[in-house]
Amino acid sequence: MRNTIGGLRAWFHRHPLIPDLLLGATLAAAAVPFAHVAQVFGDPARLGEPDAMSLGLIVTGCLSVALRRHWPFLLLCLVCLTEITLAAAGRSSSLLWLAALVLVYTIAVRRGLALSLCAPALALTGHFLATAVGGGLGGWSTHLPMVVFAVSLWIAGRNVRLRRAYQAELHDRARRMERIREADTRAARAEERSRIARELHDVVAHHVSVMTVQAAAARRVLAGNPEGAREALSAIEELGRTAMSEMRSLVGVLRTDAMPAERNPQPGMREIPALVDQMREAGLRTQLWIEDERGTAGAAALPPGVDLAAYRLVQEALTNSLRHAGPQARAWVTVRHESGELAVKVTDDGLGQGACEAGEGETGHGLVGIRERVALYGGLLRIGPRPEGGFEVDARFPLKDT
């Protein structure tokens with residue numbers, strides 16, 4: 001039953017002319033017999049028998065309510081003028097006063113404050129003029145119901161208008177919030193995709209570079225040292241599987257319509273020794289120093305973002321050294337945990353400025369990615385050749401005291 005009433009109300013809301021026509025027709029149908037009743041029970045000396053013209057005016061005035069949503073103020077003027085005309089002709093105005101009250105309510109609902117204030121004043125003015133023309137104003141008590149109805153309906157109409165304006169503002173605010181939420185979601189997705197792109201670049205650049213060096217070494221020793229070539233190929237296979245696993249984990253985040261991707265822990269500073277061993281196996285002589293002024297729990301207390309950024313920085317710097325520093329180059333990795341910052345330095349004694357130019361000229365993303373990561377956490381970064389030869393990447397990440 002409730003669903004039926006709700007559906008009917010929604011249908012009337014979509015077709016507003018239908019209920020207005022029903023209201024006008026109901027008023028007109030009731031006004032015709034009411035005109036005869038008013039003549040019988042009214043003052044015979046003042047009210048004459050309703051004729052066709054008076055009934056036509058009454059019916060027309062009542063039916064005008066059907067167009068109340070389009071020209072309510074003009075229709076109110078016509079209804080008041082019809083009341084005065086019928087009173088001057090000595091005929092009953094029947095239910096035209098009720099049609100005038102409906103128009104007062106409509107104007108209060110659909111028009112601004114200034115125009116809506118004129119509606120009850122106009123309706124009461126028409127009522128008083130019709131009464132005066134028809135035979136005298138009489139006592140004030142005879143006009144009190146009309147005044148009360150006009151003011152009450154105007155107040156009710158204004159409340160409806162204010163409530164609708166409030167609801168419209170709420171809907172508009174909800175739509176704006178929805179648009180803001182969608183924009184924030186799109187921005188978050190774009191940021192996440194940018195982060196994944198950086199991660200993919202670091203993973204692919206590092207592993208492919210090491211695999212390339214291992215493949216070149218295997219090719220050189222294939223004929224004279226088959227066992228060494230076999231070890232190099234095994235290293236390539238292991239690196240390829242590691243790279244595919246990391247890439248699958250990252251790309252799986254983008255596949256929102258598939259099953260959740262397997263989430264492996266992101267690498268961090270604890271994996272630096274394994275990374276250094278991997279670079280040694282690839283042919284880059286690398287040494288590692290880790291200094292922790294805060295105790296053995298220093299590395300574990302690093303924020304996850306800084307932990308990953310520092311690892312990627314070391315990975316990218318060692319990869320560049322492996323690719324561009326030369327076959328006899330050495331590299332040094334220094335990690336120092338202090339109370340207020342994490343210092344990470346990667347140096348080599350290779351080609352220096354040529355490594356920087358080659359690294360940026362070929363990919364254009366490696367050193368840029370390092371700068372972005374350090375800047376993201378408010379750190380300081382120096383990248384460039386060393387005065388004594390070679391290349392240096394020096395970063396400092398600020399840390400909150402724990």
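Me: In what order do the strands of the open sheet run, and what is the pairing?

Reply: Strands of a sheet pair through backbone hydrogen bonds, either parallel or antiparallel. In this predicted model, 5 strands make an open sheet ordered β1-β2-β3-β5-β4, with mixed pairing. At its edges lie β1 (285-292) and β4 (380-385), each pairing on one side only. Direction ignored, neighbouring strands are turned by 5° against each other on average.

Me: In which sense do β1 and β2 pair, and over how many bridges?

Reply: β1 pairs with β2 (residues 330-337) in the parallel sense, over 8 bridges.

Me: How do the axes of α9 and α10 cross?

Reply: A crossing is read from the angle between the axes, and under 35 degrees counts as roughly parallel. The axes of α9 (residues 272-282) and α10 (residues 304-324) come within 11 Å and cross at roughly 10°. α9 is therefore roughly parallel to α10.

Me: Which residues meet there?

Reply: From α9 come I272, L275, M279 and A282; from α10 come Y311, V314, Q315, L318, T319 and L322. The contact of α9 with α10 has 8 nonpolar residues, 2 polar and no charged ones.

Me: What share of the protein chain counts as buried?

Reply: Of its 402 residues, 37% count as buried. The protein chain has 12 helices and 5 strands. Its accessible surface comes to about 22,600 Å², with 61% belonging to carbon and sulfur atoms.

Methods. Residues numbered from 1 in each chain as written. Predicted model: local features only at pLDDT ≥ 70, side-chain atom pairs only at ≥ 80, totals over all residues. Heavy atoms only, no water. Axes fitted to C-alpha atoms, helices over the stretch in contact; angles between N-to-C directions. Helix = DSSP H or I, 4+ residues; strand = E, 2+ residues; numbered from the N terminus. Parallel < 35°, antiparallel > 145°, perpendicular 65-115°, else oblique. Contact = heavy atoms within 4.5 Å. Nonpolar A, V, L, I, M, F, W, Y, C, P; charged D, E, K, R; others polar. Buried < 20%, exposed > 50% of the residue type's maximum accessible area, 1.4 Å probe, protein only. Areas by Shrake-Rupley, 256 points an atom, 1.4 Å probe, with all protein chains shown as cover. Pairing = 2+ DSSP bridges.
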